[in-house]
Amino acid sequence: MRAVGGGCHSPVGAYAEVKNGVITMETLRFKEGKIIRKKMSGANPKDLARKMAEDEKC
């Protein structure tokens, strides 16, 4: 949450699922009154979370 600027005044949600060794992660957040939803997949949980956070900062 911290990496994407989430907190008490900027809600962020995340959901992850593992199938056949592949992690699919979806995030939902609000920015400037708009809902932003992202979905990515990968095998390494730390790399996937880092990539999601980097993309969310944009």
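Modeller: Two strands are taken to pair if DSSP finds at least two bridges between them. Please keep in mind throughout that this is a predicted model.

Colleague: In what order do the 3 strands of the open sheet lie?

Modeller: The strands join in an open sheet whose pairing is antiparallel. The edge strands, each pairing on one side only, are β1 (12-19) and β3. From one strand to the next the twist averages 15 degrees, and the order is β1-β2-β3.

Colleague: Over how many bridges do β2 and β3 pair?

Modeller: Two of the facing positions can be named: M25 stands opposite M40 in β3, and T27 has K38 as its bridge partner in β3. The two strands β2 and β3 run in the antiparallel sense, and the number of bridges over which they pair is 9.

Colleague: Which residue takes a positive phi in the hairpin of β2 and β3?

Modeller: In this hairpin there are 2 residues between the strands. The phi in question is near 55 degrees, and the residue that takes it is E32.

Colleague: Which residues does K39 touch, leaving aside those up to four places away in sequence?

Modeller: K39 lies in strand β3, which covers residues 34-42. Its relative accessible area is 60%, and because exposed means over 50%, K39 counts as exposed. A16 is 23 residues from K39 in sequence, with 9.5 Å between the two C-alpha atoms. Leaving aside the sequence neighbours up to four places away, the residues that K39 touches are T24, M25, E26 and M52.

Colleague: Turning to the charged side chains, which residue meets R37 in a salt bridge?

Modeller: Side chains of opposite charge can pair when their charged atoms come close. For R37 the N to O distance in the salt bridge with E26 is 3.6 Å. The pair links distant parts of the chain, 11 residues apart, with R37 in strand β3 and its partner in strand β2 (residues 22-31).

Colleague: What separates D47 and R50 in helix α1?

Modeller: The side chains of D47 and R50 meet in a salt bridge, with 3.3 Å from N to O. D47 is partly exposed at a relative accessible area of 42%, and R50 is also partly exposed, at 47% relative accessibility. Because the two residues are 3 apart in helix α1 (residues 45-57), the separation between them is about one helical turn.

Colleague: How far apart are the closest N and O atoms in the salt bridge of K19 with E17?

Modeller: The structure holds 3 salt bridges, and one of them joins K19 to E17. K19 counts as exposed at 55% relative accessibility, while E17, with a relative accessible area of 30%, is partly exposed. A salt bridge needs the nitrogen within 4 Å of the carboxyl oxygen, and for this pair the closest N and O atoms are apart by 3.6 Å.

Definitions and conventions:
Residues are numbered from 1 along each chain as its sequence is written. This is a predicted model: local features need pLDDT of at least 70, side-chain atom pairs count only at pLDDT 80 or more; totals for chains, interfaces and linings use all residues. Side-chain values use heavy atoms; hydrogens and water are left out. Helices (H or I, at least four residues) and strands (E, at least two) are DSSP runs, numbered from the N terminus. Buried means under 20% relative accessible area, exposed over 50%, partly exposed in between (1.4 Å probe, protein chains only). Contact means heavy atoms within 4.5 Å. Axes are lines fitted to C-alpha atoms, for helices over the stretch in contact, and angles run from 0 to 180 degrees between N-to-C directions.
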